[in-house]
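Please open the model in your viewer and keep the sequence beside it, so that each selection can be found in both places. The tour moves from one selection to the next and says what is there.

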Amino acid sequence: MRWDRLSILIDRLAHEQDEFSMFLMTRDGTVVSQQDGVFRTNCIDCLDRTNVVQSMLARRSLNQVLQKLSILRTGQNVENNFGFESLFKSVWADNADTVSVQYSGTGALKTDFTRTGKRTRWGLIRDGINSLTRYYKNNFADGFRQVSYTT
């Protein structure tokens, strides 16, 4: 629950993310930049924490792309545009829910943080309900899915 630590992680990864660059091609087919790496992110026990970190890396990449395309000026970022930032968070959290349903049978945990940037009481309650549902499904109602992951 130390959400402040995430910014430390992203700051530590910034240099590598900058070195990886991005693939960018103009409409006429001219390659402007090549991407030289990717992040593989996974938490040993939590798809939901992985999604939070991935969303932060994606936002940073999005800012870089929009600056490179001169849509944003240097120093500007998507967080300053409430409408766009809200859309980004919503799409990312919806994606997390979709992936989580495939793996666990419930929506993702911690999407209140992904959607708003902070934990909420309702988010904690929703996480509790989803966790109990996951426990039940994983132990009593979802043997086929669990077995398919281990074979």
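Predicted model: local features only at pLDDT ≥ 70, side-chain atom pairs only at ≥ 80, totals over all residues.

Residues are numbered from 1 along each chain as its sequence is written, and side-chain values use heavy atoms, with hydrogens and water left out.

Begin by colouring the protein by pLDDT, the predictor's confidence in each residue, from 0 to 100. The protein averages 84, and 89% of the residues score at least 70. Helices (H or I, at least four residues) and strands (E, at least two) are DSSP runs, numbered from the N terminus. Among these elements, strand 2 (residues 31-33) has the highest mean pLDDT, at 91, whereas helix 6 (residues 143-150) has the lowest, at 67.

Next, select arginine 60 and aspartate 18, which form a salt bridge whose closest N and O atoms are 3.0 Å apart. A salt bridge here is a side-chain nitrogen of Lys or Arg within 4 Å of a carboxyl oxygen of Asp or Glu, and the structure holds 9 of them. Arginine 60 has a relative accessible area of 22% and is therefore partly exposed, and aspartate 18, at 41%, is also counted as partly exposed.

Now select Arg59, Glu79, Glu85 and Lys89, which are linked in a network of salt bridges. Glutamate 79 is partly exposed at 37%, whereas arginine 59, at 12%, counts as buried.

Glutamate 85 forms a salt bridge with lysine 89, with the closest N and O atoms 3.7 Å apart. Because these two residues are 4 apart in helix 3, about one helical turn separates them. Glutamate 85 is buried at 7%, and lysine 89 is buried at 15%.

Finally, select serine 100, found in helix 3 (residues 82-104). Is this residue buried or exposed? Serine 100 counts as buried, because its relative accessibility is 1%.

Notes
Buried < 20%, exposed > 50% of the residue type's maximum accessible area, 1.4 Å probe, protein only.
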